[in-house]
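Hi everyone, thanks for coming. Let me put the structure on the screen, and then we can walk through it together.

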Amino acid sequence: MSAPLSTALATLRKSCATVLVAGFALLATSVSAFAHPHVWIDASAEFLFEKDQITGIRIHWVFDDLFSMTLMDEFDQNHDTRFFGDENTNLRDNAFAALAEVSWLTHLRRNEELVPFSGASDFKADVTDDRRVSYDFKLDLESPLDPKKDTISLSVYDAEYYIDVAFTQVDPILFSGVKNLSCHFEMSEDEKNRIYFDLVAPIRADLVCAGKVADGGNAGSLAPGDFVRVD
């Protein structure tokens, strides 16, 4: 196990046997065939465009109640249900940073081939009104992607299924900086990349982008019909 993951495990693991959440570091260990999710995340993504090419993705996560309690107990030192200053830095360095080794649970594909991220930035942890911890961060690409030229898809999952990540029901995928394109997404089960002993098909969002047709209105914006969900 690598040093960053060991640090995250030591930081997040609870000595009490009744606490199921052991931290993100367990992603690097083998999970038995009888394992099941212990952490749940609601996720959404915003594709960032420059010159009508994808340059990065902004990610928003909201954790389940139990894991949120674990994070607040470890990192909210003044118990104000917020992560300010050093608290945010400590959480980033000791819990979030280790996720680089599993691509931040974010799987971007171009023509069915995984696209690596050059790094994560703009990390900010917060607590929602119902006391659930949220992460916001940006994943940068090594080189821009052309959604008109290539088939682009996005999935969010833990291949070991220790963490269950699901797209939010409202605005799971958004687009920012689009100028001359009209983009929408289509959701489906990813049968080509099943996980957890082939028992689970992750949900994937396939991007569909085309040149805008001039209609004299909504210049530079997306029409409601641009967001399509296929169950």
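Let's start with a term: by contact I mean heavy atoms within 4.5 Å. On that basis, residues 24 or more positions apart supply 68% of the contacts in the protein chain with a separation of 6 or more.

Some housekeeping. This is a predicted model, where local features need pLDDT of at least 70 and side-chain atom pairs count only at pLDDT 80 or more, while totals for chains, interfaces and linings use all residues. Residues are numbered from 1 along each chain as its sequence is written, and side-chain values use heavy atoms, with hydrogens and water left out.

Now the overall layout. The protein chain has three helices and 11 strands, where helices (H or I, at least four residues) and strands (E, at least two) are DSSP runs numbered from the N terminus. Along the sequence, the order is α-β-β-α-α-β-β-β-β-β-β-β-β-β. Of the 231 residues, 46% are buried, meaning under 20% relative accessible area with a 1.4 Å probe, protein chains only.

Which residues of helix 3 are buried? In this helix, residues 86-96, they are Glu-87, Asn-88, Leu-91, Ala-95 and Phe-96. Looking down the axis of helix 3, these buried residues fall within an arc of 95 degrees, so they line one face of the helix. The arc is taken from the directions from the helix axis to the C-beta atoms.

On to the aromatics. Rings of Phe, Tyr and Trp (its six-membered ring) pair if their centres lie within 6.5 Å; planes under 30 degrees apart count as stacked, over 60 as edge-to-face and the rest as tilted. That rule gives 14 aromatic pairs. Take Trp-61 and Tyr-135: the ring centres are 6.0 Å apart and the planes at 25 degrees, so this pair is stacked. The pair links distant parts of the chain, with Trp-61 in strand 2 (residues 53-63) and Tyr-135 in strand 6 (residues 133-145), 74 residues apart. Both Trp-61 and Tyr-135 are buried. They also belong to one aromatic cluster, together with Phe-63, Phe-67, Phe-96, Phe-123 and Phe-137.

Ser-153 lies in strand 7 (residues 152-156) and is buried, with a relative accessible area of 2%. What does the side chain of Ser-153 make a polar contact with? The partner is the side chain of Arg-204, at 3.1 Å. A polar contact here is a pair of N or O atoms within 3.5 Å; within protein, one must be able to donate a hydrogen and the other to accept it, and residues adjacent in sequence count only if both atoms are side-chain atoms.

Note on methods:
Buried < 20%, exposed > 50% of the residue type's maximum accessible area, 1.4 Å probe, protein only.
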